Amino acid sequence: MNLSRKWLNEFVEIDAGDRELAEAMTLSGSKVELTHDMGEEISNVVVGRILSMERHENSDHMWVCQLDVGQEEPVQIVTGAWNIHEGDLVPVALHKSTLPGGKKIEKGKLRGVLSNGMLCSLKELGLDERDFPYGVITAAALLNDYHPINPDKPSIPADIKPGDKVFGPVVCAGVANVSPAGDGKWECTLIRTEDDGPCATTLVTDCQNLHKWDLVAYNEKTNTICTLADLHAEQKEFPHCIPDGIFVLQEDCKPGDDIRAVTGLDDHVVEFEITPNRPDCLSVIGLAREAAATFNKPCRFHEPEVKGGGEGVLPELLDVETPDPELCPRYTARMVRNVKIGPSPKWMRERLRAMGVRPINNIVDITNYVMLEYGQPMHAFDYRYVKGGKIVVRRARDGEEITTLDGNVRKLTSNMLVIADDTRAVGLAGIMGGLNSEIVEDTVDVVFESANFDGTTIRKTALALGMRTEASAKFEKGLDILNTLPAVNRACELVELLGAGQVLDGVIDILNYVPQPTRLKVEPDKINALLGTDVAENVMYTILQKLGFETTKERGMVKVPSWRGDVKEMADLAEEVARFYGYNNIPTTLMRGQTTLGGYPEEQRLEQKLGAVCRSCGYDEIITYSFISPTWYDKIGWEPSHPGRKSFKILNPLGEDTSIMRTTALPSMLDILARNYNYRNKDVRLYELGRVYLPGGEDGLAVESKMLTLGAYGEGFDFYNLKGAVEAVMRDIRAEDVHFEGPDGEYLPCSAYHPGRVASVWAGSDCVGVLGQIHPNVAKNFGVDGELYCAELSFDKLMIARGAGAEYVPLPRFPSVTRDIAVVCDEAVTVGALEKAIRKGARGLLKEVALFDIYRGKGIDEGKKSVAFNLVLRADDRSLTSEEADEDVKSILEALEKDCGAKLR
Amino acid sequence: MKEQLAKIKSEALAAFGAVASPAALDELRVKYLGKKGELTAVLKQMGRLTPEERPAMGALANDVRAALEKAIETAGHKLESAALEARLKAEALDVTVPGKTPKTGHKHPMYVALDEIKDVFVGMGFTVLDGPEVEKAELNFDRLNAEEGHPSRDWSDTFYFDEDSRVMLRSQTSPMQVRAMDSMPLPIRIIAPGRVYRKDEVDATHSPMFHQVEGMVIDKGVTMADLKGTLNTVVEQLYGAGAKTRFRPHHFPFTEPSCEMDVQCHKCGGAGCPTCKGEGWIELLGAGMIHPNVLRMAGIDPEEWSGWAFGMGLERTAMRRFKIADLRLIFENDVRFLEQF
């Protein structure tokens with residue numbers, strides 16, 4: 001919500017500076033986002049009157065102007081604009097002036113002629129034609145500015161002279177005289193030669209770029225001066241006949257006046273963030289109330305006074321029905337006749353503009369003005385299009401259509417509320433008017449509507465139709481039902497003030513329910529107990545009173561003002577007290593009461609543990625989005641029938657890329673690996689402890705399981721590096737009976753991985769997850785042509801796999817014997833199988849087995865390999881003899897040969 | 001003979017003192033003390049002495065042997081330490097060559113910030129809770145007093161999974177308040193960090209997924225002054241003892257009175273600068289006294305119990321903590337970024 005400080009000051013005199021105002025309002029609950037000085041960037045720009053204009057001696061399109069800028073001597077300025085005339089009042093940026101966009105103006109020479117500044121267009125002042133509708137520029141096609149596209153084939157001869165025919169009824173004419181005709185129009189005398197000699201015509205034109213001696217194309221049939229469009233000419237053929245130029249002021253001002261004051265840019269606009277519970281503050285009056293309470297100043301609100309007396313009897317002209325009273329608690333309307341549509345006065349346009357509303361015409365501007373001032377949305381209908389003089393506020397019929405003011409055709413349903421006449425809808429209640437009853441230039445009779453509609457209906461309609469408007473945004477928050485009447489009266493008062501029409505006596509006011517004012521008990525003890533304060537009772541009452549709460553005869557009770565629908569119970573009163581007592585005056589105390597034992601649940605402690613071990617292995621933590629693109633399932637090679645594709649689907653996602661809740665964290669990891677790969681980051685190791693979202697949870701929710709995902713790539717990084725990290729994780733949580741099974745094992749095939757470099761991870765009989773090299777095709781799908789490695793471990797399974805806490809095992813008291821053995825076996829025999837055989841063959845003395853070499857090549861037959869282990873043997877109660885150790889080793893070798901066909905090398 | 005012994009002694013001592021290597025020392029030892037050494041040769045002449053002379057000469061010879069042995073030992077030590085010194089000198093390293101650091105991983109900066117926050121609250125007796133992200137609208141909105149029609153319920157603001165707007169991605173961690181009230185005995189002190197989702201396009205300050213930390217206390221006689229005191233303590237722990245805060249009125253459907261807490265801009269000290277958009281203050285979190293309706297809906301009598309709650313955005317806290325200018329970095333996971341923390 002924007003607030004013009006000038007407008008605010010009409011209701012409450014606040015002389016605080018912008019910063020002070022912002023701080024005080026923020027601390028009392030109306031948060032100020034920023035304050036904007038509308039004329040901040042403009043300096044040393046004044047009004048000037050053009051005393052004389054002469055064509056520039058060295059230019060075919062520039063003018064040298066002498067201007068009265070309120071100083072003793074006239075100022076000379078050179079301009080290329082053609083829309084100005086002697087006597088015009090124009091904005092002059094003097095030597096050493098500044099304009100919006102950080103533009104600095106200094107004096108200088110233009111083609112040898114001194115220019116002491118610049119004449120400004122609307123745009124150069126940071127304004128546009130919506131701010132000053134009369135600033136629109138219409139340009140005639142001046143034949144003396146004609147530049148043929150093809151110099152060899154000009155459409156208009158270079159030596160054309162008055163009287164020469166251009167085409168059809170269009171002839172060349174010379175401008176003999178130009179004088180203002182008021183309203184931005186010009187009276188122009190044209191000379192041309194007819195068969196019987198010179199002939200003069202005088203006409204009124206909108207074209208502003210005409211000067212004595214110009215040659216124009218005159219249409220004898222329509223008696224008009226042709227524009228570019230009339231000649232079907234391109235802009236480049238008439239390079240200086242452009243619909244742009246200097247802003248010629250039609251304001252009550254004199255040379256030397258500061259342009260900021262003349263154009264209303266001397267206001268400061270405060271931008272508030274208004275919370276949805278305070279729709280009353282979406283108005284100047286509402287904010288004035290808050291400001292008055294904040295600064296302890298009186299408010300000057302005024303009761304609208306309408307003279308009335310317009311011709312006719314309101315009830316005879318207009319009948320209002322509300323067949324759906326619950327959707328339209330109140331409907332208030334008044335009527336204005338003999339309306340004269342025109343621009344609204346400058347002060348009104350300025351205020352609208354300061355609040356960010358575009359001025360249109362006096363009647364529409366009045367409705368907007370009242371909406372801003374009172375916070376009550378208003379609508380104005382053209383009475384002649386209200387068929388049968390009847391307004392019906394009803395539900396739309398399913399499929400009924402209306403073209404709204406923005407020109408769009410809206411298809412309606414019976415859940416939507418329309419304003420209709422006898423036959424058709426003329427407006428979408430509380431959202432936007434209909435095009436069929438729009439206020440237009442020749443509107444004569446106007447109906448002002450000031451109503452209260454059901455907020456939810458308005459909100460749903462606006463949402464369904466995708467057209468949230470200023471009005472709907474207000475209605476959906478719930479407005480003060482008592483506000484409709486003063487608002488409609490204010491509109492009529494303004495009509496009379498602006499002389500825009502005659503207001504009829506009387507008001508149509510349908511009140512479908514009588515709101516009962518809320519009465520609340522003020523309980524100072526409870527308020528202080530909630531706030532932890534010691535605010536005196538009378539201070540509380542003072543605060544409430546200045547906010548409009550009325551004390552009643554019944555002691556200890558207050559009546560909540562009609563615009564404060566948000567105040568319903570003691571806690572709400574406590575907030576009002578706190579706001580103006582000052583949140584920062586509430587003491588700070590430490591928590592009392594029973595002490596509680598804080599801490600982390602076991603899951604979180606495991607999370608911390610897992611993170612720590614991953615980091616100690618060199619893996620960096622990542623965070624990825626929970627929602628992914630369904631195409632990612634294709635990218636990791638999941639079949640269309642893969643059960644994991646069944647995902648929670650967001651019905652209103654931001655985009656396809658973030659439309660489903662992932663059931664696997666693998667593609668997220670691959671995406672991040674690929675991104676780092678593309679950034680040419682070397683040796684990347686990542687982990688994420690994130691959720692997957694599987695269907696089938698309680699109450700239609702998801703089963704949100706966590707996954708520990710590892711991902712890595714880099715020079716020399718291989719399967720065993722990753723496996724080592726997984727082993728470290730399993731060891732850290734003291735999981736027991738951890739083993740890995742290759743693709744042949746009992747394991748769910750996973751298409752994302754290299755079929756020969758993938759393993760499942762087991763703790764006892766529980767499969768904890770999978771690890772391996774990513775399938776080259778999958779890596780390619782993510783744009784990576786190198787080897788990627790990933791592991792996916794189920795957090796829930798890790799939770800189960802956690803082993804018991806550490807327990808001390810006595811250190812060996814007797815020395816151990818070590819033996820190295822190397823056996824030769826078939827290539828197909830796994831190290832795991834060999835190890836198993838070793839353990840099986842041992843006779844109770846074997847303490848450790850460690851692989852130390854795998855050899856293929858010279859000395860070993862093709863298809864065979866030599867595998868070497870280091871064995872540690874020890875007895876707990878004696879020193880082993882060499883013979884004892886040898887016996888064990890012998891037994892181990894027998895087992896190796898028997899089970900694996902492995903022979904001692 | 002006496003003269004012979006004295007000569008051997010003085011010659012030998014001089015030779016031992018000047019010896020340069022262990023080999024030379026050994027040679028000298030043999031020369032003087034060996035079986036065929038000079039001293040042995042002299043002793044062999046003992047037989048020629050008279051019995052009266054023998055004891056004195058024997059004693060003298062022993063003295064000389066002892067002196068020579070001692071001198072050999074000393075010379076040996078000297079040589080050893082010289083050799084060690086030479087070796088150590090040869091072994092000298094260029095200590096400016098970089099060390100061999102084992103590569104360790106890094107915690108994501110957001111979780112660094114979160115862990116700090118968690119630790120502060122756990123130390124104050126709070127329990128850390130975790131809950132679902134795919135959540136019932138009933139818990140995310142209705143039970144939090146955000147009635148039908150509240151703008152945050154719009155499909156333009158919140159992600160939904162069903163046409164009836166019943167199941168959604170939680171738009172705040174606040175449903176954890178309700179879950180705690182429904183499942184825990186009073187009094188309650190919890191914090192609940194986690195992911196939340198809103199329909200915001202990605203830019204330097206927005207992301208459709210981000211993180212919040214929710215906190216809640218319910219007890220008898222809990223006041224807004226307690227809220228202020230506790231949160232001030234937290235801010236001091238996170239931002240240092242001098243950190244200044246202020247509380248502003250605000251609105252949340254599930255607290256009344258509601259507030260937002262600002263911390264004074266660290267960059268300008270409150271004077272106003274681009275970091276704090278000229279305000280001198282930076283918004284830190286939203287909080288308030290739990291709305292009596294929320295307590296009632298959970299079956300807790302607001303006449304007997306009161307409580308306060310807060311919610312803070314984690315990304316912004318982490319960004320401020322580490323001076324990260326663009327939110328997108330958080331989710332981009334570039335290791336060059338991650339390894340800075």
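What radius of gyration does chain B have, and what would a compact globule of 341 residues have? Chain B has 43 Å, whereas a compact globule of 341 residues would have a value near 20 Å. The model is predicted, and every value in this report is computed from it.

**Chain B: overall form**

The C-alpha trace of chain B spans about 130 × 45 × 45 Å along its principal axes. Its secondary structure consists of 12 helices and nine strands. Of the 341 residues of chain B, 40% count as buried. Among contacts in chain B with a separation of 6 or more, 65% are between residues 24 or more positions apart.

**The sheet of chain B**

Seven strands of chain B form an open sheet with mixed pairing, in the order β1-β4-β5-β9-β8-β7-β6. Strands β1 (127-128) and β6 (245-252) of chain B are at the edges; each has a single partner strand, so one side of each is left without a neighbour in the sheet. The partner of β1(B) is strand β4 (residues 188-197) of chain B: two bridges join them, and they run parallel.

**Contact between the chains**

On the chain B side, 72 residues are in contact with 82 residues of chain A. Helix α8 (residues 224-239) of chain B gives the most to this side, with seven residues. The residues of chain B that touch chain A divide by class as follows.

| Class, side of chain B touching chain A | Number of residues |
|---|---|
| Nonpolar | 31 residues |
| Polar | 18 residues |

**Nonpolar cores**

The largest nonpolar core has 272 residues, and the members that touch the most others are A:Val90, A:Val92, A:Val418, A:Val446, A:Phe448, A:Ala491 and A:Leu673. Helix α7 (residues 362-374) of chain A gives the most to this core, with eight residues. Apart from it lies another core, of 28 residues, including A:Cys188, A:Leu190, A:Leu231 and A:Phe238. In soluble globular proteins, nonpolar side chains tend to be buried together.

Which residues does A:Ala491 touch, not counting those up to four places away in sequence? They are A:Ile366, A:Thr367, A:Val370, A:Met378 and A:Phe448.

**Helix α10 of chain A**

A:Glu496 lies in helix α10 (residues 484-498) of chain A. This residue has 19 C-beta neighbours inside 10 Å and therefore counts as partly exposed, since a buried residue needs 20 or more. Leaving aside neighbours within four places in sequence, A:Glu496 is in contact with A:Val306, A:Lys307 and A:Val503. The C-alpha atom of A:Glu496 is separated by 9.5 Å from that of A:Val336, 160 residues apart along the chain.

**Helix α13 of chain A**

Helix α13 (residues 570-581) of chain A has 12 residues, which at 1.5 Å a residue should span 16 Å; its end C-alpha atoms are 16 Å apart, so the two values agree. Because 10 of its 12 residues are buried, α13(A) is largely enclosed by the rest of the structure. The buried residues of α13(A) are A:Ala571, A:Asp572, A:Leu573, A:Ala574, A:Glu575, A:Glu576, A:Val577, A:Ala578, A:Arg579 and A:Phe580. A:Gly582 follows α13(A) and has a positive phi, near 105°.

Methods:
Residues are numbered from 1 along each chain as its sequence is written. Chains are lettered from A and ligands numbered from 1 in the order in which they are written. This is a predicted model: local features need pLDDT of at least 70, side-chain atom pairs count only at pLDDT 80 or more; totals for chains, interfaces and linings use all residues. A nonpolar core is a set of buried Ala, Val, Leu, Ile, Met, Phe, Trp, Tyr and Cys residues joined through C-beta atoms within 7 Å. Helices (H or I, at least four residues) and strands (E, at least two) are DSSP runs, numbered from the N terminus. Two residues are in contact if their C-beta atoms, placed from the backbone, lie within 7 Å. Ala, Val, Leu, Ile, Met, Phe, Trp, Tyr, Cys and Pro count as nonpolar, Asp, Glu, Lys and Arg as charged, and the others, Gly among them, as polar. The expected span of a helix is 1.5 Å times one less than its number of residues. The radius of gyration is taken over C-alpha atoms; the globule rule is 2.2 Å times the number of residues to the power 0.38. Two strands pair if DSSP finds at least two bridges between them.
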